[in-house]
Amino acid sequence: MSENPDKKIINFMNMEFLSVPENVALSRVVVASFAAQLDMTLNDMEELKVATSEAVSNCIIHGYNNQPIGKVWISVSLYSSRLEITIKDEGVGIEDIDKAMEPAFSTDPERMGLGFVFMKSFMDDVEVVSEVGKGTSVKLIKNLPPVKPQAGNR
Ligand SMILES: Nc1ncnc2c1ncn2[C@@H]1O[C@H](COP(=O)(O)OP(=O)(O)OP(=O)(O)O)[C@@H](O)[C@H]1O
Ligand SMILES: [Mg+2]
């Protein structure tokens, strides 16, 4: 049986941190460092960082109401043709995911409601799973050009 090349994992990493705003910058740097092994343009890299920080900020601000009370998990998986970044919290959850993803929708009148707009425009796909009282998981997917075989890597 031939293996689906998309399911063949090339690399992965996981991190876990407390819901404090300082960790937004940390997550950007970690995801960008992981992505540095790819042939990404600076623009793609910048977009990846923005999408990641929007998702992480949402966990902290909305999921945990801006309090240092919970954990945020990031897992990054590299497959032959795509990069997947999953950002997860065990916070309050989202009542209506479709509504939450509408441009300019926010449950906080002080906010612009643009986080999901950035995530969707910078990534190829954004998948959200959420349950009220249980938490939220956002998967950011970036399609990649085929990986070139590297010298010495056989
Ligand atoms: N991790 C999460 N936990 C709970 N609610 C969330 C989470 N992520 C998003 N939401 C809900 O989805 C809404 C829309 O999120 P989005 O990031 O698009 O906008 P925002 O965070 O309100 O504003 P902005 O990102 O522009 O500061 C939020 O207002 C919030 O109600
Ligand atoms: Mg947001």
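Biologist: Which residue places a polar backbone atom 2.8 Å from an oxygen atom of ligand 1?

Modeller: This is a predicted model, in which local features need pLDDT of at least 70, side-chain atom pairs count only at pLDDT 80 or more, and totals for chains, interfaces and linings use all residues; side-chain values use heavy atoms, leaving out hydrogens and water. Residues are numbered from 1 along each chain as its sequence is written, while chains are lettered from A and ligands numbered from 1 in the order in which they are written. A polar contact is a pair of N or O atoms within 3.5 Å; within protein, one must be able to donate a hydrogen and the other to accept it, and residues adjacent in sequence count only if both atoms are side-chain atoms. The backbone atom at 2.8 Å from a ligand 1 oxygen belongs to Leu-114.

Biologist: What percentage of the area that ligand 1 exposes when taken alone does the protein bury?

Modeller: A polar side-chain atom of Arg-111 is 2.9 Å from an oxygen of ligand 1, and a backbone N or O atom of Gly-63 is 3.5 Å from a ligand nitrogen. Ligand 1 alone exposes 590 Å², with areas from the Shrake-Rupley method and a 1.4 Å probe; for residues, only the protein chains shown count as cover. The share buried by the protein is 93%.

Biologist: How many residues surround ligand 1?

Modeller: A residue is taken as near if one of its heavy atoms lies within 4 Å of the molecule or strand. The closest are Asn-58, His-62, Ser-106, Thr-107 and Leu-114, and the number surrounding ligand 1 is 20.

Biologist: Is Asn-65 buried or exposed?

Modeller: Asn-65 sits in the loop between α2 and β2, with a positive phi near 50° although it is not a glycine. Buried means under 20% relative accessible area, exposed over 50%, and partly exposed in between (1.4 Å probe, protein chains only). Because its relative accessibility is 56%, Asn-65 counts as exposed.

Biologist: What is the relative accessibility of Asn-66?

Modeller: Asn-66 also belongs to the loop between α2 and β2, and its phi is positive, near 60°. Asn-66 counts as partly exposed because its relative accessibility is 42%.

Biologist: How many bridges pair β3 with β5?

Modeller: Strands pair if DSSP finds at least two bridges between them. β3, with 7 of its 8 residues buried, is joined to antiparallel β2 by 7 bridges, and the two form a hairpin with 2 residues between them. β3 also runs antiparallel to β5, and the number of bridges there is 8.

Biologist: Is Leu-144 buried or exposed?

Modeller: Leu-144 lies in the segment after β5. Leaving aside neighbours within four places in sequence, its contacts (heavy atoms within 4.5 Å) are Leu-38, Met-40, Leu-78, Tyr-79, Ser-81, Arg-82 and Leu-83. As its relative accessibility is 15%, Leu-144 counts as buried.

Conventions
Helices (H or I, at least four residues) and strands (E, at least two) are DSSP runs, numbered from the N terminus.
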